[in-house]
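Here's a quick tour of a couple of local features. Have the structure open while you read.

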Amino acid sequence: MTTITSNGSKWYGEAPDSIDKLVEVLKENTLDPRFIEYGNFIIADVGSVRFFGNFHNLSHVFNIRTDDPAVIAKLTRAIRENLRRDDYRAALAAKNRFITADDIKHDLKDARYADGRNAWDSAEDMTRDVSAELRRRGIPHSPAQYDAGGNCLTCGECGRCPGVHTFEEIQKAARTASRDRITRLPAFRVTYGDGESYVTSMAAGVTLAEARAYFVGTRHTMSDEKTTKTVATVEEMTP
Ligand SMILES: [Zn+2]
């Protein structure tokens with residue numbers, strides 16, 4: 001038996017479209033990727049399958065339950081073909097662009113508190129769940145990388161990092177970091193023998209060893225034009 005609760009934008013009481021009409025609409029229109037969160041269009045149930053969704057730029061809601069193998073095969077094939085097309089992949093990529101691993105972590109955390117499971121037992125359990133959910137939504141991601149101080153290279157967080165990040169997040173952080181490297185000049189504190197010091201920047205790429213070779217032992221004339229001081233040490237300023 002096939003129950004068509006809705007198929008197409010119809011007024012109340014108007015007969016919904018046929019299965020073949022939906023197959024036609026699926027050929028010509030892009031499915032709305034937001035329905036990934038509501039079962040991804042094909043929802044297997046006990047003894048039947050529910051087809052549920054809408055389109056990206058056309059309102060044609062379908063909500064069909066059936067145990068008819070011919071209908072199941074026909075709709076499954078038409079939906080899967082739609083999901084494989086470039087137009088659907090582009091819509092999915094646009095939807096996923098701004099989702100961060102941290103957003104997913106918060107969604108999962110809210111769900112855990114809502115149903116009483118509460119906090120994860122460990123950070124590893126949390127990261128595994130975030131990764132599984134990203135995979136389920138088709139969002140490419142990889143494990144977080146940390147600096148020597150334990151801070152994530154992508155989100156900058158230590159204890160609060162979700163443990164994985166989406167490719168979008170990783171690329172965005174890398175772009176910001178390389179822009180900083182270009183504009184941030186290395187800065188050094190130059191200290192004289194009497195302890196007085198000043199800070200100076202040097203050209204991009206100058207190392208501490210090079211700055212020391214350049215400054216240490218040199219004699220500078222002070223602003224009074226009389227006193228001279230000799231540079232004793234050079235230290236790098238941490239940005
Ligand atoms: Zn992180």
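## About the model

Keep in mind that this is a predicted model.

## How helix 4 meets helix 5

Two packed helices are described by the angle between their axes and the distance between the axes. Here, helix 4 covers residues 101-114 and helix 5 covers residues 123-136. They pack at an angle of about 110°, and their axes are 9 Å apart. Since angles of 65 to 115 degrees count as roughly perpendicular, helix 4 and helix 5 are therefore roughly perpendicular to each other.

Which residues make the contact? From helix 4 it's Ala101, Ile104, Lys105 and Leu108, and from helix 5 it's Met126, Asp129, Val130, Glu133 and Leu134. Sort the residues of this contact by type and you get 6 nonpolar and 3 charged, with no polar ones.

Most residues other than glycine have a negative phi. Asparagine 40 has a positive one, near 60°, and phenylalanine 41 has a positive phi too, near 75°. Asparagine 40 sits in the loop between helix 1 (19-28) and strand 2 (42-45). Phenylalanine 41 is also found in the loop between helix 1 and strand 2.

Are these residues buried, exposed or partly exposed? Asparagine 40 has 17 other C-beta atoms within 10 Å, so it is partly exposed. Phenylalanine 41 has 23 C-beta neighbours inside 10 Å. The cut-off for buried is 20 or more, so phenylalanine 41 counts as buried.

Notes: Residues are numbered from 1 along each chain as its sequence is written. This is a predicted model: local features need pLDDT of at least 70, side-chain atom pairs count only at pLDDT 80 or more; totals for chains, interfaces and linings use all residues. Axes are lines fitted to C-alpha atoms, for helices over the stretch in contact, and angles run from 0 to 180 degrees between N-to-C directions. Helices (H or I, at least four residues) and strands (E, at least two) are DSSP runs, numbered from the N terminus. Angles under 35 degrees count as roughly parallel, over 145 as roughly antiparallel, 65 to 115 as roughly perpendicular and the rest as oblique. Two residues are in contact if their C-beta atoms, placed from the backbone, lie within 7 Å. Ala, Val, Leu, Ile, Met, Phe, Trp, Tyr, Cys and Pro count as nonpolar, Asp, Glu, Lys and Arg as charged, and the others, Gly among them, as polar. A residue is buried if 20 or more other C-beta atoms lie within 10 Å of its own, exposed if 12 or fewer, and partly exposed in between; C-beta atoms are placed from the backbone.
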